[in-house]
Amino acid sequence: MPDLPPELWTTIFRQLVAVDNTALCRPRILLTNRTWYQVATSIYDLWTRIEITTPHIAQVQFYISHSGALPLDIHLTVLGSMVQDMHPVARLIASHLHRIRLLELHVQQHEDAEHLVQEIGRDQPAPLLEVLSISLRALSPWVFSDSLVYRTTFSSAPRLAHLILPVYPLPRKRSCALIHFPSLTHLTLDARSPFHGQLNPEMVFELLGALVNLESFTFKSTDTCSYFNTSGFPLVESKRLRSVDISAPGWGLDILARIVAPSLQNVCFDTRRDGVLMWSDVLALGISDALRLLSERSPSVTHVELYAVKFSYHHWRYPWLLGEAFPLLQVLKLDDTDITDAVLERTSQTSPHFRRLELRGCPGVTEGGWLSFLSRRDEDFELVVDGRTISR
């Protein structure tokens, strides 16, 4: 081994962990030789990310004891019946709640999540917690009392900004103090497997309405069914919402159709699914209607991203999107959409603020189409095709 000063080894180890930040990386460093062990265990920030997949408490104690007083990121995976063996680990984590910055729980079903959140939180303060993430592997066979969902968590969490939750069951406004923390600005709801789009819309709209400082909302789902006629759902005014990332078509569009967000700036519709999405006129009209509603309610939109979106009447929908839809539009990103050369050649008027168009994997667009479009733009306009900036 080269005779290098400890400061250089410190830099090397930090770079190594930055590239390969896996559960095995740091133990391998320790096993190489005694010098590496001594240097590595003196670098506090190498041990702040703790991945827990077994009830063996010794490894968790080792990481905590060598992390100094730095904030901790806890990633806890408990599958099957193993949650009953996790009591010592949960109690150890709870004793360091004052240091936890991120708490991620990946569990079998909701009862396990509820149990761990209660045992770790214990209605104690979490002064550094910024992210709480919960994911489920399977639906529970039990029906939950609304008043009991995440009822016992933390007495306070002044820095908690991002809440990542499975779409069912959701905490209720009347019984969960967690969702009333004013620091919450980002919400992610996961309606993918095992939910397949199943959700309680009343719970979703209640949660959105309770988060009065919400700035970003992400809704990920595998479903494609929408009501489209959502007049029976309540309108939710979200004055501070600036970013939405929605799986569409599906429930995401139905939820978005009832959100009034005058400050919205960034919009992403992502239709990609694990399987093949069979487009129909109804699905295509749903996305068109959602964009129309956003155009009417959210005049401040500056960035729009569409992934694998298909439009009905795309020959006039894209010119509308590029032109009058959003007066402040600056950036439009189209990935695997049905835009064509003819549309680009026909589009003459765009938003006066429009400065960047990104095209990726759009089979209907060729060099002739994008060059024709670029020739009618200002000198400072930027066109990027499949990751390559196009020159005039």
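Let me start with the largest cavity, which is lined by Leu208, Leu214, Val236, Ser238, Leu241 and Ile259. The model we are looking at is a predicted one. The space in this largest cavity is about 30 Å³. A count of cavities of 30 Å³ or more gives 1. What kinds of residue make up the lining of the largest cavity? There are 5 nonpolar residues and 1 polar residue, and no charged ones.

Next, the largest pocket. Its volume is about 170 Å³. Its lining runs through Ala23, Arg26, Arg49, Ile50, Glu51, Ile52, Thr53, Thr54, His56, Gln59, Val60 and Tyr63. Which element supplies the largest share of that lining? It is β1, with 4 residues. Both β1, residues 49–52, and helix α4 give at least two residues to the lining of the largest pocket. By class, the pocket lining has 5 nonpolar, 4 polar and 3 charged residues.

Now to the helices. Two packed helices are described by the angle between their axes and the distance between the axes.

Helix α4 covers residues 57–65 and helix α5 covers residues 87–95. Their axes are 9 Å apart, and the packing angle is about 15 degrees. Because of that angle, α4 counts as roughly parallel to α5. The crossing of α4 past α5 is right-handed. On the α4 side, the residues in contact are Ile57, Val60, Gln61 and Ile64, and they meet Pro88, Val89 and Leu92 of α5. In this contact of α4 with α5, 6 residues are nonpolar, 1 is polar and none is charged. Val60 also belongs to the lining of the largest pocket.

The second pair is α5 with helix α6, residues 110–121. How far apart are the axes of α5 and α6? They are 7 Å apart, and the two helices pack at an angle of about 45 degrees. The angle is why α5 is called oblique to α6. From α5, the contact takes in His87, Ala90, Arg91, Ile93 and Ala94, while α6 brings His115, Leu116, Glu119 and Ile120. The classes here are 5 nonpolar, 2 polar and 2 charged.

Phe13, Leu16 and Val17 of α1 touch Cys25, Arg26 and Ile29 of α2. That contact of α1 with α2 divides into 5 nonpolar residues, 1 charged residue and no polar ones.

Last, some backbone details. Most residues other than glycine have a negative phi, and most peptide bonds are trans.

Where is Tyr150? It is in the loop between β5, residues 131–136, and β6, residues 154–156. Tyr150 is not a glycine, yet its phi is positive, about 50 degrees.

Then there is the bond joining Tyr168 and Pro169, a cis peptide bond with omega of about -10 degrees. Pro169 falls in the loop between β7, residues 162–166, and β8, residues 186–191.

Finally, the peptide bond from Ala248 to Pro249 is cis too, and its omega is near 0 degrees. Pro249 is placed in the loop between β11, residues 243–247, and α8, residues 251–256. That is the end of my part.

Conventions:
Residues are numbered from 1 along each chain as its sequence is written. This is a predicted model: local features need pLDDT of at least 70, side-chain atom pairs count only at pLDDT 80 or more; totals for chains, interfaces and linings use all residues. Side-chain values use heavy atoms; hydrogens and water are left out. On a 1 Å grid over the protein atoms alone, a cavity is a set of points where a 1.4 Å probe fits but cannot get out, and a pocket is an open set with protein on both sides within 12 Å along at least five of seven lines; lining residues have an atom within 4 Å of a point. Grid points are joined across faces, edges and corners, and a volume is the space filled by probe spheres set on the points. Ala, Val, Leu, Ile, Met, Phe, Trp, Tyr, Cys and Pro count as nonpolar, Asp, Glu, Lys and Arg as charged, and the others, Gly among them, as polar. Axes are lines fitted to C-alpha atoms, for helices over the stretch in contact, and angles run from 0 to 180 degrees between N-to-C directions. Angles under 35 degrees count as roughly parallel, over 145 as roughly antiparallel, 65 to 115 as roughly perpendicular and the rest as oblique. A crossing is left-handed if the near helix is turned anticlockwise from the far one by less than a right angle, and right-handed if clockwise. Contact means heavy atoms within 4.5 Å.
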